[in-house]
Amino acid sequence: MSKIAVVYWSGTGNTEMMAEACAEGVKESGSEVTLAEVSSFTAADTANYDGVMFGCPAMGAEVLEESVFEPFFTEAEAFLGNKPVALFGSYGWGGGAWMNDWAERTRNDGAKLFGNGLAVENTPDNDALAECRKLGKDFAAQI
């Protein structure tokens with residue numbers, strides 16, 4: 001059984017909803033899942049998991065949240081070499097370009113990136129939450 005962490009930061013609750021749905025999908029796959037808000041998870045904790053799903057919305061000029069998530073992710077990058085990783089988050093403007101940048105950055109870290117990241121505009125509806133559950137389930141199945 002795989003052990004997967006779903007680690008997220010959410011300002012409005014949109015990315016939190018996505019994280020919960022991703023965790024449900026991981027659980028449905030039969031894998032063990034830890035759902036953690038980024039402030040309760042350390043970068044070094046990533047080493048204790050077979051795979052990690054990271055969630056962060058687009059902020060400002062299409063960047064990761066800068067005061068909490070960005071410093072965490074910068075530190076976590078040292079643990080991503082050859083690690084299965086999936087990315088998700090919400091955005092309100094800009095077409096989701098932050099996700100493309102984040103995916104490229106994660107690939108450059110040597111992570112085994114699953115897909116290209118799931119970006120959802122604004123509050124996730126039922127279809128988007130179903131996509132999140134599928135992402136979690138499919139991610140867990142490939143580990």
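This is a predicted model: local features need pLDDT of at least 70, side-chain atom pairs count only at pLDDT 80 or more; totals for chains, interfaces and linings use all residues.
## Strands S1 and S2

Let's start with the pairing of S1 and S2. Strand S1 covers residues 3–8, strand S2 covers residues 32–37, and the two run parallel with 6 bridges joining them. If you want a spot to look at, find Ala 5 in the model: Thr 34 of S2 stands opposite. To get from S1 to S2, the chain goes through helix H1, residues 14–28. This β-α-β crossover is right-handed.

Next up is Ser 90, a residue of strand S4, which spans residues 84–91. Is Ser 90 buried or exposed? Its relative accessibility is 5%, and the cut-off for buried is under 20%, so Ser 90 counts as buried.

Who sits around Ser 90? Setting aside neighbours within four places in sequence, its contacts include Asn 14, Thr 15 and Met 18, along with Cys 56, Pro 57 and Ala 58. Trp 98, Val 120 and Asn 122 are also in contact with Ser 90. With Thr 15 there is a polar contact too, side chain to side chain, at 3.2 Å.

## Helices H2 and H3

H2 (residues 69–76) packs with H3 (residues 97–108) at about 25 degrees, and their axes are 11 Å apart. Angles under 35 degrees count as roughly parallel, so that is the label for H2 and H3.

Which residues meet here? From H2 they are Phe 69, Glu 70, Phe 73 and Thr 74, and from H3 they are Trp 102, Arg 105 and Thr 106.

Notes:
Residues are numbered from 1 along each chain as its sequence is written. Side-chain values use heavy atoms; hydrogens and water are left out. Two strands pair if DSSP finds at least two bridges between them. Helices (H or I, at least four residues) and strands (E, at least two) are DSSP runs, numbered from the N terminus. A crossover is right-handed if, with the strands pointing away from the viewer, the path from the first strand over the helix to the second runs clockwise. Buried means under 20% relative accessible area, exposed over 50%, partly exposed in between (1.4 Å probe, protein chains only). A polar contact is a pair of N or O atoms within 3.5 Å; within protein, one must be able to donate a hydrogen and the other to accept it, and residues adjacent in sequence count only if both atoms are side-chain atoms. Contact means heavy atoms within 4.5 Å. Axes are lines fitted to C-alpha atoms, for helices over the stretch in contact, and angles run from 0 to 180 degrees between N-to-C directions. Angles under 35 degrees count as roughly parallel, over 145 as roughly antiparallel, 65 to 115 as roughly perpendicular and the rest as oblique.
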